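I opened this structure today and kept notes as I went. Each entry covers one thing I looked up.

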Amino acid sequence: MKQAITFSTGYSTVKTLNLNIPNICIHCHKEVGFILKSTTDYNYQTDTSVAVTFLCPSCEKYSVYEYNGINASQQIARLVDYSYTKQISTHLPKNIEKVSADFVKIYNQSQTAEAYNLMDICGVAYRKAAEFLIKDYAIRKFPEDEETIKKDALGQIISNKLNAFPKIQNLAKATAWLGNDETHYVRKHTDKDLADLKAFLLAAATFIAADYDADEALNFINK
Ligand SMILES: [Zn+2]
């Protein structure tokens, strides 16, 4: 929706710009007719952008929009695309989703929690991601034990089902220990932190993805 908005120039004159006004509130995500509350000055000699404050009539919260690329004679300007949500990119080993799609989903959620600085819960979330990764991997290796693997404690799975894969077993154990620290009142391993937990978890995921590829290669040459 276009709206003509008048800006003080800081002198006795004003400038009017026809601006594109967003129609979705960033807070309540409702389609609203914003109420104009204030504007910055627009001094064409010094300012390359202007800003406008709107009030949402629905949730009664304020939002600010910036406009640049001002063409004062044509009375136009370009709305700057502010992003109020964080862009989170994850880099997980290729094919890991074929071993555990839930791991990928929970890992992404954990990263989102971490990106929003929710440090008291993201460790717990990484711990949950680790449990899905390790259990889904164990189920892949022992499909006949699927029901018991789902129910058993993670520590038991690591001790009983990963003996043939010592590097994955060690990484899984280290991940589980640090992950448990994230859920408990008292931390046992004070010399390690969330970065170590993530490093061990990612290393375990890398080995597991490589093991998946190795199994695929074996299937291929046995054909
Ligand atoms: Zn709103």
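**Entry 1: salt bridges**

I began with charged pairs and counted 10 salt bridges. The model is predicted, and I kept that in mind for every entry.

I then took a few pairs one by one. In one of the salt bridges, the side chain of glutamate 131 meets that of lysine 135, at 3.2 Å from N to O. How far apart are glutamate 131 and lysine 135 in helix α3? They are 4 residues apart, so about one helical turn separates them. Glutamate 131 is partly exposed, at a relative accessible area of 23%. Lysine 135 is buried, at 7%; I call it buried because its value falls under 20%.

Next I looked up aspartate 215 and lysine 141. Their side chains form a salt bridge of 3.1 Å, N to O. Aspartate 215 sits in helix α7, residues 194-222, and lysine 141 in helix α3, so this pair ties together parts 74 residues apart in sequence. Aspartate 215 is partly exposed, with a relative accessible area of 23%. Lysine 141 is also partly exposed, at 24%.

Lysine 161 is in helix α5 (residues 154-161), and aspartate 145 is in the loop between α3 and α4 (146-151). The pair therefore ties together parts that are 16 residues apart in sequence. Lysine 161 counts as buried, at 19% relative accessibility.

**Entry 2: the zinc site**

I moved on to the metal. Which residues are the protein donors of the zinc ion? I noted Cys25, Cys28, Cys56 and Cys59, each through its SG atom, lying 2.3 Å from the zinc ion. The angles among the 4 donor atoms run from 105 to 117 degrees, and the site is tetrahedral. In sequence, the donor residues follow the spacing C-x2-C-x27-C-x2-C.

Cysteine 28 is in the loop between β2 (14-20) and β3 (35-39), while cysteine 56 is in the loop between β4 (49-55) and β5 (62-71). So this pair ties together parts that are 28 residues apart in sequence. Are these two buried or exposed? Cysteine 28 is partly exposed, at 23% relative accessibility. Cysteine 56 is buried, with a relative accessible area of 0%.

**Entry 3: a nonpolar patch**

I searched the surface next. Ile88, Tyr116, Leu118 and Ile121 form a nonpolar patch there, and together they have about 340 Å² of accessible area. I looked up leucine 118 in particular. Leucine 118 lies in the loop between α2 (101-115) and α3 (119-141). At 41% relative accessibility, leucine 118 is partly exposed.

**Entry 4: positive phi**

Last, I checked backbone angles. Asparagine 117 is not a glycine, yet its phi is positive, about 65 degrees. Asparagine 117 is in the loop between α2 and α3. Asparagine 117 is exposed, with a relative accessible area of 58%.

Glutamine 75 is not a glycine either, and its phi is positive at about 60 degrees. I found glutamine 75 in the loop between β5 and β6 (76-79). Glutamine 75 is partly exposed, at a relative accessible area of 31%.

Terms used. Residues numbered from 1 in each chain as written. Predicted model: local features only at pLDDT ≥ 70, side-chain atom pairs only at ≥ 80, totals over all residues. Heavy atoms only, no water. Donors = N, O, S within 2.8 Å, 3.2 Å for Na, K, Ca; no water. Tetrahedral: all angles 85-135°; square planar, octahedral: opposite > 155°, others 65-115°. Helix = DSSP H or I, 4+ residues; strand = E, 2+ residues; numbered from the N terminus. Buried < 20%, exposed > 50% of the residue type's maximum accessible area, 1.4 Å probe, protein only. Patch = residues over 30% accessible without salt bridge, like charges linked within 9 Å, V, L, I, M, F, W, Y side chains within 5 Å. Areas by Shrake-Rupley, 256 points an atom, 1.4 Å probe, with all protein chains shown as cover. Salt bridge = Lys/Arg side-chain N within 4 Å of Asp/Glu carboxyl O.
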